[in-house]
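Trainee: I would like to go through this structure with you. Can we take the domain interface?

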Amino acid sequence: MGETVQKPTVPEQAGAPAVESTSAGREPLLEVDHVTLRFGGVVALNDVDFTLYKGEILGLIGPNGAGKTTCFNAMTGIYQPSEGEIRFRGQRITGKKKHHITKLGMARTFQNIRLFPEMTALENIQVGADAHHKTSVISALFRLPRHRREERDGLEKAERLLDFVGIPHRMHDAARNLSYGEQRRLEIARALATDPVLLCLDEPAAGFNPAEKEELLQLIRKIRDQGITVLLIEHDMRLVMGVTDRIVVLEFGKKIADGLPAEVREDHRVIAAYLGVPDDDVA
Amino acid sequence: MNSVREWIYTGRHAVAERWHNAPRWTRWAVIGAVIVFFYALPNREFYQWLGPIPTTGSNFGQVLFTISIYVLLAVGLNIVVGFAGLLDLGYFGFFAVGAYTVAVFTSPSSDLKTLWPWLLALPLAIALTMVSGVFLGTPTLRLRGDYLAIVTLGFAEMIRVAATSSEFLKGQRGFNQIPHPPGSYSDGKPIFGVLDPRPYYWLVLTVIILVVIGVRNLNRSRVGRAWISIREDEDAAQLMGVPTFKFKLWAFASGAAIGGLAGALFAGKQNFVSSQNLELLNSIIILAAVILGGSGNIVGAIVGGGLVAYLIERFRGIEFFGVELYEYRFMFFGLILVVMMIFRPQGLIPNRRRAAEFKDRRKEVIVGG
Ligand SMILES: Nc1ncnc2c1ncn2[C@@H]1O[C@H](COP(=O)(O)OP(=O)(O)OP(=O)(O)O)[C@@H](O)[C@H]1O
Ligand SMILES: [Mg+2]
């Protein structure tokens, strides 16, 4: 897999002016501040540093094992960075509980689908919608009016989102019985149900055919048009180039490029990293 | 063997299907009839028509009371084990906390000499079991799986040892003259007396109905969804905003509260509570009942609890080659469980989801082999 070209300073500088030009006056939403994450001897993230601005679609790419998923895991509170910190909406989120981070407005999907397999499609989304519900055990026990209202709202929201991602007919089917593509869509709907400000998609198009990829592209644009910022991990270069506003490239846990799609495509380090790796390699 | 399995499975499926498709009023009518049946059951005028079903070795009303306590316990444990997927091996410990709280605060043999009426001790018993559930759950529910099983097992044993050897809890001598629930007939005779066990059974039956309504409300709300999501994928649940620890603690505490409630009801009838009422095996019997009935399903838990308790009582006084079958009850339940695990691991009346989870596991085994 690719050559080991590790002179990160040059491309970083090359990318820097571009960032400034596209993000002038924009509000930073997520700041990954010099994050290093080690697993024993393995350095999965090495001083990774990038900023995500409100309203954009940012691509996070890199060869297999580059640390993309690990980066998501650090952001969503599954792993704690060994060094550095992550800020979301101006708040430091390193060390915060996972469900708190979700409530702050970060939602994600998983590279290996992790739905609740025996719950119906609708129930899966309802779980996401429950994230912001206030009523709990006592009001549920006595079915107090406020609780019933929340339940009803959650149900309506879930139905809307099933529509939004295009699988309303699978409402009452157990998630495990949905097709692979439907499951990927359901995961997106479940994440959207938590009312995210930032939606992180981990290879949502993996295993899709070109037609399905095109539909997904439309869906991602639709999500952005609702004012949700999107962070997208994707191996398919055409899809990434077509939909993202900006791209961050990781290789062996290091950021090797950060800039507009056109710039990143021309970057010799990125080309080297991807040399011999086909566009839609999803191993 | 496979065809037997298929037959049982499709048979159940057809019944479930028909039940879910039946009009609302039919379902209410059936539920109403079942409730009326169980209220009528302890009356001789009614049960004399039921052939071999009533027990011969002991008073049928008394047997029904025992069964109803087991059913209540199974409904409570089902929240913990069936819904939230937490293995609690010491559930009977909460029953003990409930019974002993009532005993300590009401009995004249208690050192406290508070001599409270039963009704005053009841909420305290429930509250204390809930608190003990929270105490037990707080350190352990953050950990995964096996730790909880071991800690709960230890808890029940600790309670038993404390009850046996502590001076305050009176050991085998126990507490006597525990007062009964209040209430009297128009002629001044108390409803809850010493001779007639039926009012106690009716009381527990009523409590079961109320508890089941509450549990069902929880299960159909965000609380139930949170429990199932935790059972299915705890990490994913957290990342979807479910405060998993909080809901696991709620499952544990509400299960405990129901156990304590059962204990308090038991003490209110029994008049006497001692360490002889506490056997470690009781925890296992209730767990077996939940698994037998169908973990994760309220009706399954009721049927499981009822069936297990009924069979135990039915064995009393029946001799087989000169030995009383009752002595072999645990062996018999072991056997039933083994057979169940082979033919119907999801239980008699399983939860739709759990059934699928078990089917998956079976497939995995086949693939693996
Ligand atoms: N829990 C873990 N323990 C040990 N090492 C890990 C762990 N998680 C990830 N790693 C290692 O960190 C590195 C980055 O993995 P990561 O999954 O983030 O890559 P990725 O960029 O998402 O790759 P892919 O495109 O294959 O999904 C890999 O070398 C991986 O083996
Ligand atoms: Mg990955």
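**Domain interface**

Mentor: The C-alpha centres of domain 1 of chain A and domain 2 of chain A lie 26 Å apart. This is a predicted model, where local features need pLDDT of at least 70, side-chain atom pairs count only at pLDDT 80 or more, and totals for chains, interfaces and linings use all residues. Residues are numbered from 1 along each chain as written, chains are lettered from A and ligands numbered from 1 in written order, and side-chain values use heavy atoms, without hydrogens and water.

Trainee: Which residues make up domain 2 of chain A?

Mentor: Bounds come from an automatic or database domain assignment. Domain 1 of chain A takes 27-105 + 196-216 + 227-275. Domain 2 of chain A is 114-195.

Trainee: What area is buried between domain 1 of chain A and domain 2 of chain A?

Mentor: Buried area is the accessible area (1.4 Å probe) that two parts lose on being put together, summed over both. Carbon and sulfur atoms give 67% of it here. The total is about 1,000 Å².

Trainee: Which residues of domain 1 of chain A lose the most area to domain 2 of chain A?

Mentor: Three residues together make 40% of what that side buries. They are A:Lys103, A:Pro196 and A:Phe208.

Trainee: How many salt bridges does the rule find across the interface of domain 1 of chain A and domain 2 of chain A?

Mentor: The rule wants a side-chain nitrogen of Lys or Arg within 4 Å of a carboxyl oxygen of Asp or Glu. The side chains of A:Glu215 and A:Arg185 meet that way, at 2.8 Å, N to O. Across the interface, the count is one.
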